Amino acid sequence: MLKSILIIFFIAFTNGVLSSPPDDPVNCTSTDTNCTITNAYGAFPDRSTCRASQVLYPTTEEELISMVASASKSNTKVKATTRYSHSIPKLACPGGQEGIIISTNKLSHVVNVDVENKRMTVESGLLLRDLINEAAENGLALPHTPYWWGITVGGLLATGSHGSSLRGKGSAIHEHVVSMRIVTPAAAEEGYAKVRSLSESDEELDAAKVSLGVLGIVSQVTLQLEPLFKRSITYVTKNDSDLGEELIRFGKEHEFGDVTWYPSQKKARYRIDDRVSMNQSGNGLYDFIPFRSTLSALLAANRATEERQEATRDANGKCLSAKLVTGTLKAFAYGLTNNGTLVTRYPVTGQNNRMQSSGTCLESEEDALRTICPWDSRLQYQFFHQTAFSISLSNITSFIEDVKKLVELQPQALCVLELNDGILMRYVKASSAYLGKTEDVVDFDITYYRSKDPLTPRLFEDILEEIEQIGLFKYGGLPHWGKNRNLAFSQVINKYPNADKFLSVKSKYDPQGIFSNEWTDQVLGLKGAVTILKDGCALEGLCICSEDRHCAPSKNYYCRPGKVYKQARVCAFQG
């Protein structure tokens, strides 16, 4: 009851309030030197601290070239970082504390809008929000985007970010890239750095479109846009009895549709989302509720409730809270409005730029942390794991049935997911990018509680771990490059048939490896393993089945000094 009351209070009183904007992920003890880098959530999967000797802020491509040249000449590790740094893995960590960080905060301009050819060129530090708005002001639209607009163009491309669609080129933003300028190391006779200009006719663009940041730093991107259009959205909730088959049909029928699954409630929410004519009436707005400014006191109360439920193993309390959360969000149409204030009817129709993405907690002034983006790293009231993997359409029905079997074994187990609005399922088409999707897929996005103590097991952790392993290992799921725990990336490079082509371009662009770090070398299969073997490693997804101390099929999975938690089913699908 408490959580539902808090949500209602939040919706009623925080829509439009001020909010402390998120902190910069780079913090230095003196002027731009002796720095640490984190992500938007304040913790990497292994909870380590990433350090750098300094941070640099280029304002032009020329300055960026000079900075990369200096690092290349001295063989100094370097990594790019963005304004809000929303990637969960350690993509932005330079290799060692002597490395440097180059922030794209000030490379955030629109370079050119070509209305006739429907193309826009932008700098890589431009926020998705600003790209969407600038396009709309010129009568244009980037049809597919992630739902959160607080990410930069360079960041979303590096991690393969996407919306939801199986139509046309699909929902991945990199499929709409027609050219790119990327600054890479170079030989001494070339000044130690140079700009590589790539177009659609260059095969190397398929490496640069999804690069994990290991090729260099993107300075400019040109995107192919479309004439601005309207979208019409209706939400429908149904029983999940035929979800496996319905997922495939639904994805092919609706251009921007997605599905959210509530397994413990045996329900699925279908977002019927399609393109309509600009002549159709409606000025709808989608201001997604979880991306709005939130009162810190309410977030603190929510966290205290969930920690108490975890400590007392209160499954009934979690399920009650989950039903109240999902019911309340449904009552407020998840943030959809017909007129900017209320939802009076379905469908809600509005321009694409007003419906495709949101994040109004960023549009704020400092208010001493009274209100914040819910996941603000300074307070960590929302502290969570996020598992995201994509499964081919041919395997969707079987995966759904496997999850349902786990729900039958433990009917209350997945209420912990429904507290975060269930499992979001989006559609992504096969890509030509070497590290993009290898076939048409459904992407599963799962957010769940993370303990502040890395050695404390979560409620129903065994069920959640099994779902993760079924998706990744039984069905060969591809992890989202910007999310996930370490185990998701174990030997992942073997799942990409064009991995050798990507590594060849990497070797050509950055032969010294100054843009690589330990984590990217492990993920790309170049050096060592991404898993970390230590007491309790399985609790945080840092290790996979290897020995009894960490995990073995039908044996000991969760470990902490002096205590072992036995879970019978976990790891069964890894062999």
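This dialogue reads several features of a predicted model of one protein chain.

Trainee: How should I begin with the overall dimensions, and what radius of gyration does the protein chain have?

Mentor: Begin by setting the chain against the expectation for a globule: a compact globule with 575 residues would have a radius of gyration near 25 Å, and the 23 Å of the protein chain agrees with that. The C-alpha trace spans about 70 × 65 × 50 Å along its principal axes, and the secondary structure comes to 14 helices and 26 strands.

Trainee: What share of the residues in the protein chain is buried, and what share of the contacts joins residues 24 or more positions apart?

Mentor: Buried residues make up 59% of the 575, while, among contacts with a separation of 6 or more, 72% are between residues 24 or more positions apart. The accessible surface comes to about 21300 Å², and carbon and sulfur atoms account for 50% of that surface.

Trainee: Which residues touch the most other members of the largest nonpolar core?

Mentor: The general idea is that, in soluble globular proteins, nonpolar side chains tend to be buried together. Here the largest nonpolar core has 101 residues, and M425 and F444 are the ones that touch the most other members. Helix α10, residues 396-409, gives the most to this core, with 6 residues.

Trainee: How do I read the burial pattern of a helix, and which residues of α13 are buried?

Mentor: List the buried positions and then look down the axis. In α13, residues 499-509, the buried residues are A499, F502, V505, K506 and Y509. Seen down the axis of α13, these buried residues fall within an arc of 125°, so they line one face of the helix. They pack against β9 (177-185), β10 (193-199) and α5 (205-208).

Trainee: Where is S431 placed, and is S431 buried or exposed?

Mentor: S431 is in the loop between β22 (423-428) and β23 (441-449). Its relative accessible area is 17%, and because buried means under 20%, S431 counts as buried.

Trainee: Which residues are in contact with S431, leaving aside its neighbours within four places in sequence?

Mentor: They are H174, E175, G436 and K437. With E175 there is also a polar contact of 2.4 Å, which joins the side chains of the two residues.

Methods
Residues are numbered from 1 along each chain as its sequence is written. This is a predicted model: local features need pLDDT of at least 70, side-chain atom pairs count only at pLDDT 80 or more; totals for chains, interfaces and linings use all residues. Side-chain values use heavy atoms; hydrogens and water are left out. Helices (H or I, at least four residues) and strands (E, at least two) are DSSP runs, numbered from the N terminus. Buried means under 20% relative accessible area, exposed over 50%, partly exposed in between (1.4 Å probe, protein chains only). A polar contact is a pair of N or O atoms within 3.5 Å; within protein, one must be able to donate a hydrogen and the other to accept it, and residues adjacent in sequence count only if both atoms are side-chain atoms. Contact means heavy atoms within 4.5 Å. A nonpolar core is a set of buried Ala, Val, Leu, Ile, Met, Phe, Trp, Tyr and Cys residues joined through side-chain atoms within 4.5 Å. The radius of gyration is taken over C-alpha atoms; the globule rule is 2.2 Å times the number of residues to the power 0.38. Accessible areas come from the Shrake-Rupley method with a 1.4 Å probe; for residues, only the protein chains shown count as cover. The arc is that of the directions from the helix axis to the C-beta atoms.
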